[in-house]
Amino acid sequence: MRNYIRARSDDQKEERLNQIKEATDSLFTEMPYTEITLTTIAEKLGWSRANLYKYVTTKEEIFLEISAQKMKTYFNALLSAFPEGNKYSPEVIAEVWAGTLNAHQDYLRYVSYLNPIIETNVTVERLATFKKKYYELAYQFCDKLSTMLSLSSEAAYKLHMDTLFLASASAVSCYKNPLIQEALKIISITPPKMDFYEDMRDFVLMRIKWSLK
């Protein structure tokens, strides 16, 4: 086990929390969410579980913090991709949006666990802080969508949500699960080919055209 020195200053505490988030995010690329525990996180860090408890109390608390960081990065990329006053066609909007989603599949993996699991296992205060930031960013993007496509605010938000839900589901498609891949081999089933970028581009364009009817 690595030498552990308890954080004393706010900067040291922030450093420890960043280490915890980095270790958890790394584990999430290696194993299913259900297999990650405070024990596995502590082991990844080389800490005791007691030392980890000095900074966090649940793994959902950690996942919420990581989700908030990745969410901010995704929305900032999306907002930058659509400059003010652009005259992008629906086809270009779909291509740019799909490209941004494709580049942020790590965020989408967290989204798939947010509502059913993560958000139901944190304090209401932490959840309120997270939701406040989400709506600030989501509304900024939906305002742009509304302007670019001449949609109502409600229609723009629905377009955003439909796209986010499908993208998060596609990002964790069961076809990517090694166990399921092995099971499909046993029963000689070859699933339809999936291309995340192409599928999202086609869906976004279809959804935009439906909104414009």
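Is S188 buried or exposed? With a relative accessibility of 65%, S188 counts as exposed, where exposed means over 50% relative accessible area, buried under 20% and partly exposed in between (1.4 Å probe, protein chains only). S188 sits in the loop between helix 9 (178-186) and helix 10, and its phi is near 55 degrees, a positive value in a residue other than glycine. S150, in the loop between helix 7 and helix 8, also has a positive phi, of about 55 degrees, although it is not a glycine. At 68% relative accessibility, S150 counts as exposed.

A word on the model itself. It is a predicted one, in which local features need pLDDT of at least 70 and side-chain atom pairs count only at pLDDT 80 or more, while totals for chains, interfaces and linings use all residues. Residues are numbered from 1 along each chain as its sequence is written, and side-chain values use heavy atoms, with hydrogens and water left out.

As for the overall fold, the protein chain has 10 helices and 0 strands, taken as DSSP runs numbered from the N terminus (helices: H or I, at least four residues; strands: E, at least two). Its C-alpha trace spans about 60 × 50 × 25 Å along the principal axes. Of its 213 residues, 40% count as buried. Among contacts (heavy atoms within 4.5 Å) between residues at least 6 apart in sequence, 68% join residues at least 24 apart.

Leaving aside residues up to four places away in sequence, L52 touches I20, L38, I41, A42, L45 and W47. Helix 2 has L38, T40, I41, A42 and L45 buried, and just after this helix G46 takes a positive phi of about 80 degrees.

H104 belongs to the loop between helix 5 and helix 6, yet H104 is buried, with a relative accessible area of 13%. Not counting residues up to four places away in sequence, H104 touches T73, Y74 and A77. From H104 to F75 it is 29 residues in sequence and 9.8 Å in space, C-alpha to C-alpha.

Then there is helix 8 (residues 153-171). Its 19 residues should span 27 Å at 1.5 Å a residue, and its end C-alpha atoms are 27 Å apart, which agrees; the expected span is 1.5 Å times one less than the number of residues. Buried residues of helix 8 include A156, L159, M161 and L164. The buried residues of this helix pack against helix 4 (59-81), helix 5 (90-103), helix 6 (105-114), helix 7 (124-149) and helix 10 (196-211).
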